Amino acid sequence: MVFDIIEIFSVLMFFISFYGLITSKSIIKSVVSILLMESAVIMFFLSIGYTSGIMPPIGQNPETETVADPLPQALMITAIIIGVAVVAVNLIMLISLYRQCKAKDWDAAKKKSME
Amino acid sequence: MLAYFVIIPILIAVFLYVFPSSKAGRLIAVITQTALVGLAFYLFFICKSRDVVSNIGNYESFLGITLRADALSSVFIILTSFIFLIVAVYTFNEKYNGLFWFLLFIWEGLLIGIFLSRDLFNIFVLVEVTTVAVAVLIMFNRDNRSMYDGMVYLMINTVAVQFYLFGTGYVYKLTGVLDIDAAAKVLEELDKSSLILPYALIITAISLKCALVPLFSWLPKAHGTPGAPSAVSAILSGLHIKGAVYLFIQFNDLFKEVVVSEFFLIIGIITGIVGFIFAMSQKDIKLILAYSTISQIGMIITGLNNDDIYSYTGSLYHIFNHALFKSALFLSAGIIIKIYNTRDIYKIRGVLKRSPLIGAVIIMAILGIIGTPFFNGSVSKYFIFSGTSLPVGGAILLINLGTIITFIRFSSILFGKPQTEPDPAKTDKCKQAAVLVLGTLCLVGGILGEQLIEFLFNVKVSVDTAGYLQKSALFTASAVGGYLIYKLYIKNSPRLKQVREIELSFRGMCVSVGAFFAVVLVVTKLFA
């Protein structure tokens, strides 16, 4: 399997943010880690079908030039929108969890929920 | 035509969002839902002879978004629309607001979408949106416990979906298509070693969705949280998890070059055993049912990965049966919780005397789930068992023994004298009708088992009378054994409390996701 730079970088970023999920106590940091994981995936998708010197698939490209594969880019717009929505829902839940339990980290929230 | 299966539930959802409190509106919803079940049967009869494909936007196949119904997915669509019909009848007299109805029926559309979609990215979108809808439904009552449980459910599933999306990216990079059928053709040609990473990423996500060991900690939180309406718990446990099992079948098919089915066989067995150990130690009625789902899923996964047509078909039929009896149990539990105002099985007593009908339904569902002869569970468990060799068959028997002990303990709610005086309020006729239908189907599914399997899955299987009698003898032996073990060891054991208190935190769950991913990677690398 041949790896290129962006691929290695996004795999690294994915697992570094996963490490963030494992280690952070605070819920908001977990949300941010998920956001970063998603960015890593998006970056990976955008690198698919890209080689340096290629044109972006915008407007009327002359037929002589090769353009980058537009499909992953279109997909990633959807993924970004879904990601934004999910993070928004996460944050709203975090706010109401905070209002209800006065807890900002996982352990405190767990303790409160058991009462 | 296939798009209607997704659109009709969404239209019902919007309609009920606008008219949440009118009875006529709900009646129209139930009638439309009935029509959808009819339509699902129509699709099923077409799919018996050919696959139905519809390309959204009239692009060619493999280029645009494809919906495809085949013999398997049409069965799942019948199941989905039927269970939602039952739940719509069950909640007919409830006073929920528009948001509840909206999310409930949106959820149906999304689930049917998962069964129909043949596009990897579409599946991502559907799974992610389902997660959000379900999380809001779990926290519907907004108490501390369900807020925390819903939050954990949402976050851990989002993490899993990121793994899935990454895997999808690799598949696209390798094949250049997102269509499952087209990708399968390309992946066959490729070198095995390049498939390992995408396979490990995707199957980690799917295994979390299926709640396999060690990724099951979110399931009892989501399915058993006290605040969630019992209709939601019933669909989650009966149906939602089957969507994940369906994806498991799909992706094992897609990556069949690198799948190590022995690994998942072992994981399935461990899941079954761990599930019943936790189930028999709980005292919350909903948590018992939730953990028992884990154990049954373990059995299904074992059967699916056992290389034998009988086990495979038995597992598919068990998916169907589990949906029936687990929904029946959850919905009846909802009624009982209302009557007794508690969820503690030590405090609920005398259900059979207080409401004989609910008691009868619970008895039928329990007889189904423990695999009593003439009930549906016995047929599917017989087939799973008959295809296995000795060690796996022994494990299946052990899981069934655990299920028997769990439900002997559970059935103590049926008899005895109630400690607290139950609420004398009259029970809802719609709810009783809904659970009665499910309970009766458990019996019908047992008596007509052979014919139903041939009808649904197009596989000719025959129940060998001698084998069935042998299985019945084994069942009787394990029932007696289970009763004795329960009486002698389990009933007052102090260990129950210790097991009950084992619980992973969110970080623990993330660690288990990472560990599972690493193990899959290593196992696939070594053995595929």
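Let's start inside chain B. In α11(B), the buried residues are F264(B), L265(B), I267(B), G268(B), I269(B), T271(B), G272(B), G275(B), F276(B), F278(B) and A279(B). Keep in mind that this is a predicted model.

What do those buried residues of α11(B) pack against? Three helices of chain B: α12 (285-305), α17 (390-410) and α21 (495-500).

Now the length of α11(B). The helix covers residues 261-279, so 19 residues.

Next, a helix pair. α16 (residues 376-386) and α18 (residues 429-447) of chain B pack with their axes 6 Å apart. The angle is about 45°, so α16(B) and α18(B) are oblique to each other. Which residues make the contact? From α16(B), N376(B), S378(B) and V379(B). From α18(B), C442(B), G445(B) and G446(B). By class, that contact has two nonpolar and four polar residues, with no charged ones.

Last, the partner chain. Here 28 residues of chain B are in contact with 33 residues of chain A. On the chain B side, α5 (120-138), α6 (144-175) and α22 (506-527) each supply at least two residues. Which helix gives the most? That is α6(B), with 16 residues. And the make-up of the side of chain B that touches chain A: 15 nonpolar, nine polar and four charged residues.

Definitions and conventions
Residues are numbered from 1 along each chain as its sequence is written. Chains are lettered from A and ligands numbered from 1 in the order in which they are written. This is a predicted model: local features need pLDDT of at least 70, side-chain atom pairs count only at pLDDT 80 or more; totals for chains, interfaces and linings use all residues. Two residues are in contact if their C-beta atoms, placed from the backbone, lie within 7 Å. Helices (H or I, at least four residues) and strands (E, at least two) are DSSP runs, numbered from the N terminus. Ala, Val, Leu, Ile, Met, Phe, Trp, Tyr, Cys and Pro count as nonpolar, Asp, Glu, Lys and Arg as charged, and the others, Gly among them, as polar. Axes are lines fitted to C-alpha atoms, for helices over the stretch in contact, and angles run from 0 to 180 degrees between N-to-C directions. Angles under 35 degrees count as roughly parallel, over 145 as roughly antiparallel, 65 to 115 as roughly perpendicular and the rest as oblique. The expected span of a helix is 1.5 Å times one less than its number of residues. A residue is buried if 20 or more other C-beta atoms lie within 10 Å of its own, exposed if 12 or fewer, and partly exposed in between; C-beta atoms are placed from the backbone.
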